[in-house]
Amino acid sequence: MPQAMPPLLVLVVDDEVLIHDLVAEALTDAGYGVEYAADGNIALELLNGPHSFRAIVTDIDLGRGPTGWDVARRARETKADFPVVYMSGGSAGDWGARGVPGSTMIAKPFVSAQVVTAVSALLNDESYRFG
């Protein structure tokens, strides 16, 4: 019997537990694996670790330390077209100037299905297929 493929792993970065729980539950229900980082420093550590993340969903304002903009730029250093979904209430207007190219912005408040749709769309785009 063939072995099941592990779910695609998504890094969710948010300093608000309620937002993380909402996003993680939606992604898990959609069949994705989820790893959580409560701030930018933890996210950067995870990106430097052995995990095989296939996408990032990150808030912009993560308290002290690196922002979601920083986390996304670091992910793009590892793979130039790494799928990035930003979530923000107050910083959404800066996306055009500070966001990485080819990313998606979801303004807060949002419904969890928007995040799943955004991640799925980026992962299904030809340019994001990993070999």
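**Reading a fold, step by step**

Mentor: Welcome! Let's begin with the surface: the accessible surface of the protein comes to about 6,900 Å², and 55% of that belongs to carbon and sulfur atoms. Keep in mind that this is a predicted model.

Trainee: What share of the residues counts as buried?

Mentor: A residue is called buried when its relative accessible area is under 20%. Here, 43% of the 131 residues count as buried.

Trainee: How many helices and strands are there, and in what order do they run?

Mentor: There are five helices and five strands. Starting at the N terminus, the order is β-α-β-α-β-α-β-α-β-α.

Trainee: What radius of gyration does the protein have, and what would a compact globule have?

Mentor: A compact globule of 131 residues would have a value near 14 Å, and the protein has 14 Å, so the two agree. Along its principal axes, the C-alpha trace spans about 50 × 30 × 25 Å.

Trainee: And how do I read the way two helices pack? Take H2 and H3.

Mentor: Look at the distance and the angle between their axes. Those of helix H2 (residues 40-47) and helix H3 (residues 68-78) come within 9 Å and cross at roughly 10°. Angles under 35 degrees count as roughly parallel, so H2 is roughly parallel to H3.

Trainee: Which residues meet there?

Mentor: From H2 come Gly40, Ala43, Leu44 and Leu47; they meet Asp70, Val71, Arg74 and Ala75 of H3. The residues of this contact divide into five nonpolar, one polar and two charged.

Trainee: What part of the contacts with a separation of 6 or more links residues 24 or more positions apart?

Mentor: In this protein, such pairs account for 64% of those contacts.

Key: Residues numbered from 1 in each chain as written. Predicted model: local features only at pLDDT ≥ 70, side-chain atom pairs only at ≥ 80, totals over all residues. Heavy atoms only, no water. Axes fitted to C-alpha atoms, helices over the stretch in contact; angles between N-to-C directions. Helix = DSSP H or I, 4+ residues; strand = E, 2+ residues; numbered from the N terminus. Parallel < 35°, antiparallel > 145°, perpendicular 65-115°, else oblique. Contact = heavy atoms within 4.5 Å. Nonpolar A, V, L, I, M, F, W, Y, C, P; charged D, E, K, R; others polar. Rg over C-alpha atoms; globule rule 2.2 N^0.38 Å. Buried < 20%, exposed > 50% of the residue type's maximum accessible area, 1.4 Å probe, protein only. Areas by Shrake-Rupley, 256 points an atom, 1.4 Å probe, with all protein chains shown as cover.
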